[in-house]
Amino acid sequence: MRFIITDMKKKIVVEEKKQEDPQALLEKILKAEVNSAERIADVRKNSEQQITAIQEEAEKTKKEAYASGRRARTRLVEKGLEKAKTEATAKIQQSNQETDRILKSGSNYINDAVAISLSFILGKETQENSHDK
């Protein structure tokens with residue numbers, strides 16, 4: 001309810017507040033509590049969903065990191081094996097070349113070695129070797 005009182009050159013507005021029924025006030029309070037509880041429940045639900053999503057993302061990232069580490073380790077092992085195989089092949093080649101050189105240089109002395117062995121076994125006098133001449 002509104003009353004307008006005019007007083008010499010001044011206009012004064014006086015409002016009279018109507019008091020509400022206590023039952024109506026209680027209902028307003030209960031509605032406010034229900035709304036607050038619903039908002040709190042919604043916020044809690046959203047928070048739990050966000051936490052779950054973050055935990056799932058963290059687990060996914062962790063698995064990806066492990067998988068990436070395994071792939072990197074596999075690449076390193078493969079590179080190491082490839083390098084070792086290359087080195088082994090080079091050493092085998094070098095060994096074969098050295099063996100061939102030794103066999104070639106040793107074949108020059110086979111006849112002399114056979115002659116010395118036979119003379120030693122048969123008890124003949126040893127002669128001067130052809131390579132010592």
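Arg101 and Glu98 both belong to helix 1, three residues apart, about one turn of the helix.

User: What do the side chains of Arg101 and Glu98 form?

Analyst: They meet in a salt bridge, at 2.4 Å from N to O. The term covers a side-chain nitrogen of Lys or Arg within 4 Å of a carboxyl oxygen of Asp or Glu. This is a predicted model, in which local features need pLDDT of at least 70 and side-chain atom pairs count only at pLDDT 80 or more, while totals for chains, interfaces and linings use all residues. Residues are numbered from 1 along each chain as its sequence is written, and side-chain values use heavy atoms, with hydrogens and water left out.

User: How many salt bridges does a search of the whole structure find?

Analyst: The search finds one.

User: Is Arg101 buried, partly exposed or exposed, and what about Glu98?

Analyst: Arg101 is partly exposed, with a relative accessible area of 47%. Glu98 also counts as partly exposed, at 36%. Buried means under 20% relative accessible area, exposed over 50%, and partly exposed in between (1.4 Å probe, protein chains only).

User: Which elements have the lowest and highest mean pLDDT?

Analyst: Strand 2 (residues 10–15) has the lowest, 50, and helix 1 (residues 22–107) the highest, 94. The protein averages 84, and 79% of the residues score at least 70. pLDDT is the predictor's confidence in each residue, from 0 to 100.

User: Turning to helix 2, how far apart are its end C-alpha atoms?

Analyst: They are 18 Å apart, which agrees with the 18 Å that its 13 residues should span at 1.5 Å a residue. The expected span is 1.5 Å times one less than the number of residues. Just after helix 2, Gly123 takes a positive phi of about 80°.

User: What fraction of the protein's residues is buried?

Analyst: Buried residues make up 2% of the 133 residues.

Key
Helices (H or I, at least four residues) and strands (E, at least two) are DSSP runs, numbered from the N terminus.
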